[in-house]
Amino acid sequence: MPHADDLTLPAELHDEIVRAGYYPHLVTDVLDVALAGETVVGHLVQAETTFDSEVRRHLTVLVLTPSRLVTAHVDDHEGDHANPSSAAATTEAVPLSEVRSVSLTHVVAEPAAYRSGGEGEHTSELSLVVGWGAVSRIDLEPATCGDPQCDADHGLTGQLLPDDVVVRVASAAEGPAAVRRAVAFARQLSAATARRV
């Protein structure tokens, strides 16, 4: 079994995974298998903690190679009596030619003061949605006829949206440098998929 220092991940990617602090040896091992020695062109590491009845951690790593987008998701996993604590690590490697959409939502504080330039300098939050057709989300809402007095049931209307990978990075939570890194990765990914059309 290779030690983390023997893996082929670039030092910057390895260091960001270690800084995220979420099972770094597991994450680097599963990424190493999925990358299969291919050169890393760009990456984005995003840790997220959610709270429901328990605290749950989640890590998403997106890695861009010359030919593929490799994703890794690592989640706390409900254990059983034999293994009360466990994690599930899933990777997927998608050829860049299969990526159908790269959608970005930039949230900007004080848009009237916005100035051009600065790679994500003025973005307070970035949502990156990458779609390749494996997973879609349907947003439904009641359909209307336009008559405010009408109370007839017009059924539902909605949109089918790609939802394969969603990463949200907020300056308030992760800091401005994390948002700038996300914008830079989104630019790399957009450029790589444009060349594959």
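## Salt bridge between Asp76 and Arg57

Asp76 and Arg57 form a salt bridge in which the closest N and O atoms lie 3.7 Å apart. The two residues belong to distant parts of the chain, 19 residues apart: Asp76 is in strand β3, and Arg57 is in strand β2, which covers residues 55–64. The structure described here is a predicted model.

Asp76 counts as partly exposed, at 22% relative accessibility. Arg57 also falls into the partly exposed class, with 32% relative accessibility.

## Salt bridge between Glu38 and Arg68

Three salt bridges are found in a search of the whole structure. One of them joins Glu38 to Arg68, with a separation of 2.7 Å between the closest N and O atoms. Glu38 is located in the loop between α2 (24–35) and β1 (42–51), whereas Arg68 is part of strand β3 (residues 68–78), so the pair ties together parts of the chain that are 30 residues apart in sequence.

What are the relative accessible areas of Glu38 and Arg68? Glu38 has a relative accessible area of 22% and is partly exposed. For Arg68 the value is 18%, and the residue is classed as buried, because buried denotes a relative accessible area under 20%.

## The sheet β5-β6-β9

Three strands form an open sheet in the order β5-β6-β9, and their pairing is antiparallel. Strands β5 (101–108) and β9 (165–170) are the edge strands, each pairing on one side only. From one strand to the next, the twist averages 10°.

The antiparallel strands β5 and β6 (residues 123–131) are joined by eight bridges. Within this sheet, His106 has Leu126 of β6 as its bridge partner.

## Salt bridge between Glu125 and Arg168

A salt bridge also connects Glu125 with Arg168, and their closest N and O atoms are 3.0 Å apart. Glu125 lies in strand β6 and Arg168 in strand β9, so that distant parts of the chain, 43 residues apart, are linked. Arg168 is partly exposed, with a relative accessible area of 47%.

## Helix α4 across the sheet

Which strands does helix α4 lie across? The helix, formed by residues 176–195, lies across β5, β6 and β9. Its direction makes an angle of about 35° with β6.

Note on methods:
Residues are numbered from 1 along each chain as its sequence is written. This is a predicted model: local features need pLDDT of at least 70, side-chain atom pairs count only at pLDDT 80 or more; totals for chains, interfaces and linings use all residues. Side-chain values use heavy atoms; hydrogens and water are left out. Two strands pair if DSSP finds at least two bridges between them. Helices (H or I, at least four residues) and strands (E, at least two) are DSSP runs, numbered from the N terminus. Axes are lines fitted to C-alpha atoms, for helices over the stretch in contact, and angles run from 0 to 180 degrees between N-to-C directions. Contact means heavy atoms within 4.5 Å. A salt bridge is a side-chain nitrogen of Lys or Arg within 4 Å of a carboxyl oxygen of Asp or Glu. Buried means under 20% relative accessible area, exposed over 50%, partly exposed in between (1.4 Å probe, protein chains only).
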